[in-house]
Amino acid sequence: MIEEVLVHTNNQGLHDMTKPITDLVASSGISEGLCTLFVQHTSASLLVQENYEVSAKRDLEVWLNRLVPENPEQYSHSSEGPDDMPAHIKSALTATSVNIPILDGKLGLGTWQGIFLWEHRRSVHTRKVLVHLA
Amino acid sequence: MIEEVLVHTNNQGLHDMTKPITDLVASSGISEGLCTLFVQHTSASLLVQENYEVSAKRDLEVWLNRLVPENPEQYSHSSEGPDDMPAHIKSALTATSVNIPILDGKLGLGTWQGIFLWEHRRSVHTRKVLVHLA
Amino acid sequence: MIEEVLVHTNNQGLHDMTKPITDLVASSGISEGLCTLFVQHTSASLLVQENYEVSAKRDLEVWLNRLVPENPEQYSHSSEGPDDMPAHIKSALTATSVNIPILDGKLGLGTWQGIFLWEHRRSVHTRKVLVHLA
């Protein structure tokens, strides 16, 4: 069973998508199995991370922007804007697909884990995530 | 079929967990399939890497600690200690889930590949890894 | 169903393997499912990335080589050449396994996504990728 989840973004950073994924798992009726997410983009990625502290999410974003700066003279691929090539690099360093086991009809996330779409572009986007449940 | 594997850590670095995973696959009776690992933490990750040379594992740890230093003035999220925010960042740069095909009843690892729990905190922890076999 | 795909490399960089994977999916007859790739090496990885602009692929390679330089004095593991330890590090930062859902008998890749074997060594290699289809 494959479903599509859309995430609307209007800036860089972590966008929590735990709720729609949790809902899909609940309505699937699967009690034990595997949930696999796949993001159909090359400038956004998936992350299972700390779901509680806003400061942790902010620090993560600041750190990644320092590691992969918008430094036009470093890149030859710049036709789509100064945040485009850094977005491809960030996407390559993080995950395009993620698996989470399903236990007792629920996602087997740890206490502090949430599921995030990590947007690496600054402008408005609708990101498509495919969710495979089995 | 989902099993739980516990890994006890008392410092940063790679903890070999190839043996318990290999054992689970052997006892599952699956001859062809897929083994999926998921770590239920946001400050530890999973790695399939060089299983032989101790120097390679040490170099990897040294390099990652240089990339993500314990530099308190860089982080606003510091209430859980100086190694906490770097651990979240390292976790985001590495894998939370990993898949390994099962062939002829065994994990399809390459000659030099082992499976590791990568601990990013310095203190004592018990890390939980879910193993989905299908 | 598990198949093996070989990728012949003779330098660092992204080697497009979208076509052989697409062909395997087509010949499998699976209309809805999941395709999982696993690379059996610790100095090469898998990447789903921009399939169109050559400049983006080149920038990605240049950036990663700058992040993980061949700097012999940094590494104690150097017996297999100056590009060996950097290759293990690059492999640890990128993906060893990747999942792509199958929809309507085809890989559910986004418009600009291709599948690449990312070679991190400079010399000639034959890389083995296991492809699990279910």
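The contact between chains C and A takes 25 residues from chain C and 20 residues from chain A; two residues are in contact if their C-beta atoms, placed from the backbone, lie within 7 Å. This is a predicted model, where local features need pLDDT of at least 70, side-chain atom pairs count only at pLDDT 80 or more, and totals for chains, interfaces and linings use all residues. Residues are numbered from 1 along each chain as its sequence is written, while chains are lettered from A and ligands numbered from 1 in the order in which they are written.

**Chain C against chain A**
- β4 (44-50), α2 (54-67) and β5 of chain C each give two or more residues to the side that touches chain A. Helices (H or I, at least four residues) and strands (E, at least two) are DSSP runs, numbered from the N terminus.
- α2(C) gives the largest share of that side, six residues.
- That side of chain C holds 13 nonpolar, seven polar and five charged residues. Ala, Val, Leu, Ile, Met, Phe, Trp, Tyr, Cys and Pro count as nonpolar, Asp, Glu, Lys and Arg as charged, and the others, Gly among them, as polar.

**Chain C against chain B**
- Here 20 residues of chain C are in contact with 25 residues of chain B.
- At least two residues each come from β3 (33-39), α3 (84-93), β5 (97-103) and β8 (125-133) of chain C.
- α3(C) supplies the largest share of this side of chain C, five residues.
- This side of chain C has nine nonpolar, eleven polar and no charged residues.

**Helix α2 of chain A**
- Buried residues of α2(A) are A:A56, A:K57, A:D59, A:L60, A:W63 and A:L64. Buried means 20 or more other C-beta atoms within 10 Å of a residue's own, exposed 12 or fewer, and partly exposed in between, with C-beta atoms placed from the backbone.
- Seen down the helix axis, the buried residues of α2(A) fall within an arc of 160 degrees, so they line one face. The arc is that of the directions from the helix axis to the C-beta atoms.
- On the other side of α2(A), A:V54 and A:R66 are exposed.
- The cover over the buried residues includes β2 (13-16), β4 (44-50) and α3 (84-93) of chain A, together with α3 (84-93) of chain B.

**Sheet of chain B**
- Five strands form an open antiparallel sheet in the order β1-β8-β3-β5-β6. Two strands pair if DSSP finds at least two bridges between them.
- β1 (2-9) and β6 (106-107) of chain B are the edges, each with a single partner strand, so one side of each lacks a neighbour in the sheet.
- Two bridges join β5 (residues 97-103) of chain B to β6(B), and B:L103 stands opposite B:K106.
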